[in-house]
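Hi everyone, thanks for making time this morning. I'd like to walk you through one chain, a piece at a time, so please have a look at it first.

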Amino acid sequence: MDECTGKHVLSILKHRGINDITESASKLANNFDVSEEDLLSSLENADLNKVYDFEPIIEEISRIGNVKRCARVVGESGEHYVFDTLADLDGFRIAVYIKIGRPGLKEIIKFLTAVYDAGIDDWLFIAFPVTEKDFSSYSTNIIEAKDINDTVKNLRAVLEDKRKGYQLQYYNHNSGSVL
């Protein structure tokens, strides 16, 4: 099981308060297209006390469109990428990277390179929990927050602005008007 799948599965387990992993292994394995055996063996020593629950982020993104976790996309270069979340809003695709902890510049650049190569329309880089905001002042697409509640509050505002922008682009494209 890849890192992305493991991160999402653990977040789901923590969010739902599941203590017995075996009770949900079959459903989770089907959702992430991995075998139940692989899922159970990789989660055998997982400590849910050390896992961050980022399901409220996924739920918030789901409000604006269809969401696929651990989306695999092939870029124009032929490189294969895995995005934490890929949301689709009426044909506009938004790639989302969820970073637990303080982000690094190389990590952001690597993500943006993947977004560009894969032809994704828009992106969000979400980092929490962080005590200092190093990168969010450079772009509204970078959200750095102290906790999950702060993250969701900031994300809600950013997504609402994005949704309005996408609707305007869609309207202008289909009406033939030029701004």
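**How the helices pack**

Let's begin with α2 and α3, which pack at an angle of about 110 degrees, their axes 9 Å apart. Axes here are lines fitted to C-alpha atoms, for helices over the stretch in contact, and angles run from 0 to 180 degrees between N-to-C directions. Helices (H or I, at least four residues) and strands (E, at least two) are DSSP runs, numbered from the N terminus. So α2 and α3 are roughly perpendicular to each other; angles of 65 to 115 degrees get that name, while those under 35 count as roughly parallel, over 145 as roughly antiparallel, and the rest as oblique.

Before I go on, a word on where this comes from: it is a predicted model, in which local features need pLDDT of at least 70 and side-chain atom pairs count only at pLDDT 80 or more, while totals for chains, interfaces and linings use all residues. Residues are numbered from 1 along each chain as its sequence is written, and side-chain values use heavy atoms, with hydrogens and water left out.

Which residues of α2 and α3 meet? On the α2 side they are A25, S26, L28 and A29, and on the α3 side E36, L39 and L40. By contact I mean heavy atoms within 4.5 Å. The residues of this α2 and α3 contact divide into 5 nonpolar, 1 polar and 1 charged. Ala, Val, Leu, Ile, Met, Phe, Trp, Tyr, Cys and Pro count as nonpolar, Asp, Glu, Lys and Arg as charged, and the others, Gly among them, as polar.

Next pair: α1 (residues 3-16) and α4 (residues 55-62) pack at about 100 degrees, with axes 9 Å apart. That angle is why α1 and α4 are roughly perpendicular to each other. From α1 the contact uses H8, S11, I12 and H15, and from α4 it uses E55, P56, I58 and E59. Those residues of α1 and α4 split into 3 nonpolar, 3 polar and 2 charged.

**A closer look at α1**

At the N-terminal end, D2 caps α1, with a side-chain oxygen 3.2 Å from the backbone nitrogen of C4. After α1 comes G17, with a positive phi near 70 degrees.

Which residues of α1 are buried? They are C4, T5, G6, H8, V9, L10, S11, I12 and L13. Buried means under 20% relative accessible area, exposed means over 50%, and partly exposed is in between (1.4 Å probe, protein chains only). Their cover includes α2 (25-32), α3 (36-43), α4, β1 (66-74) and β2 (80-89).

T85 sits in strand β2. Its relative accessibility is 0%, so T85 counts as buried. Leaving out residues up to four places away in sequence, T85 touches H8, I58, I61, V67, K68, I94, A95, V96 and I98.

A127 is in strand β4 (residues 122-128), and A127 is buried, at a relative accessible area of 0%.

**Stepping back**

The chain has 6 helices and 5 strands, and along the sequence they follow the pattern α-α-α-α-β-β-β-α-β-β-α. Of its 179 residues, 44% are buried.

Terms used. A polar contact is a pair of N or O atoms within 3.5 Å; within protein, one must be able to donate a hydrogen and the other to accept it, and residues adjacent in sequence count only if both atoms are side-chain atoms.
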